[in-house]
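Hi everyone, thanks for making time for this one.

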Amino acid sequence: MKLHTPTPRILIFFIMTLFPVILPLFTVSKEVSFNWSVFPASQVYLFFFSLILIIANPELRPEKKHFHLWKKILLIPLAFLLLTLLSFLLQKLGNLITKGPAVHIQKPESSGQWIYCSMNFLFSSFYEEAVYRFFLPEALIWLTRNVKDRKMAIADCEIISMILFSLGHIYMGFFSVLNAALAYIILRYCFRKTGSLVPGTMAHFAYNLFQLIVSPL
């Protein structure tokens with residue numbers, strides 16, 4: 001069956017996207033296990049799925065922004081620093097209430113493992129930016145384009161996307177959920193300001209890698 005209008009196609013991708021989005025909501029374990037010795041094939045799959053989301057839904061892409069390249073480059077360290085600062089403050093606040101880290105992740109032990117780890121973080125960062133900062137909010141905004149109160153509808157779409165992204169971190173505890181909500185705002189701003197996923201992806205990747213490096217053994 002051919003899809004002659006963009007609405008069915010967007011709905012199909014929306015439903016396909018909801019499965020990996022909803023699954024983390026049911027994760028309860030605080031022990032996160034990664035085998036850094038294995039090529040991150042699943043993350044590569046998610047990376048290509050992200051590319052399909054972007055290429056197959058051109059009507060969802062924002063208009064090209066007249067944002068200078070140097071500003072896009074500068075936005076990466078600024079977003080990274082803001083993400084790191086907020087995370088640090090929330091971790092300190094969380095440590096006053098709870099004992100120990102919310103989640104334990106084993107660090108890579110060799111250069112090869114660090115390469116696979118970096119690839120894992122890079123591909124997963126792009127996937128999360130493509131899904132949560134581009135597709136979900138933009139698809140919701142597009143699907144509610146006929147709602148009369150556009151400002152309220154757009155705000156609701158942003159809030160729903162933020163909640164879905166935040167609750168995906170619920171297994172790490174309340175402060176991780178709050179941290180994810182603030183991260184959503186920062187990274188979504190990067191996308192809306194530049195019209196590109198690159199600044200947010202690079203800041204997200206740098207943040208995840210830095211958090212692993214400074215995390216306790």
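Before we look inside, one term: by a nonpolar core I mean a set of buried Ala, Val, Leu, Ile, Met, Phe, Trp, Tyr and Cys residues joined through side-chain atoms within 4.5 Å. And please keep in mind that this is a predicted model.

So, which residues of the largest nonpolar core touch the most other members? Out of its 28 residues, they are Leu60, Val131, Tyr132, Phe134, Phe135, Leu136 and Leu197. Two or more residues come from each of these helices: H1 (6–22), H2 (41–56), H4 (111–143), H5 (150–167) and H6 (174–194). The biggest contributor is H4, which supplies 12 residues.

Let's zoom in on Val131. Setting aside residues up to four places away in sequence, Val131 touches Thr17, Val21, Leu53, Leu136 and Pro137.

Next stop, Pro40. You'll find Pro40 in the loop between strand E1 (31–32) and H2. Is Pro40 buried or exposed? Its relative accessible area is 7%, and the cut-off for buried is under 20%, so Pro40 counts as buried. What does Pro40 contact, leaving aside neighbours within four places in sequence? Those partners are Tyr116, Met119 and Asn120.

Now for the aromatics. A search of the whole structure turns up 9 aromatic pairs. One of them is Phe47 with Phe48, an edge-to-face pair with 5.4 Å centre to centre and 75 degrees between the planes. Why quote two numbers? Because a pair of aromatic rings is described by the distance of the centres and the angle of the planes. Phe47 and Phe48 also belong to one aromatic cluster together with Phe123 and Phe126. Phe48 has a relative accessibility of 48%, so Phe48 counts as partly exposed.

Last, let's step outside. Leu82, Leu85, Phe88 and Leu89 make up a nonpolar patch on the surface, and together they have about 370 Å² of accessible area. Of these, Phe88 lies in helix H3, residues 69–97. How does Phe88 itself count, then? With a relative accessible area of 44%, Phe88 is partly exposed, because that class runs between 20% and 50%.

That's my tour, and I'm happy to go back to any of these spots with you.

Notes. Residues are numbered from 1 along each chain as its sequence is written. This is a predicted model: local features need pLDDT of at least 70, side-chain atom pairs count only at pLDDT 80 or more; totals for chains, interfaces and linings use all residues. Side-chain values use heavy atoms; hydrogens and water are left out. Buried means under 20% relative accessible area, exposed over 50%, partly exposed in between (1.4 Å probe, protein chains only). Helices (H or I, at least four residues) and strands (E, at least two) are DSSP runs, numbered from the N terminus. Contact means heavy atoms within 4.5 Å. Patches are made of residues with over 30% relative accessible area and no salt bridge: like charges are joined within 9 Å, nonpolar side chains (Val, Leu, Ile, Met, Phe, Trp, Tyr) within 5 Å. Accessible areas come from the Shrake-Rupley method with a 1.4 Å probe; for residues, only the protein chains shown count as cover. A salt bridge is a side-chain nitrogen of Lys or Arg within 4 Å of a carboxyl oxygen of Asp or Glu. Rings of Phe, Tyr and Trp (its six-membered ring) pair if their centres lie within 6.5 Å; planes under 30 degrees apart count as stacked, over 60 as edge-to-face and the rest as tilted.
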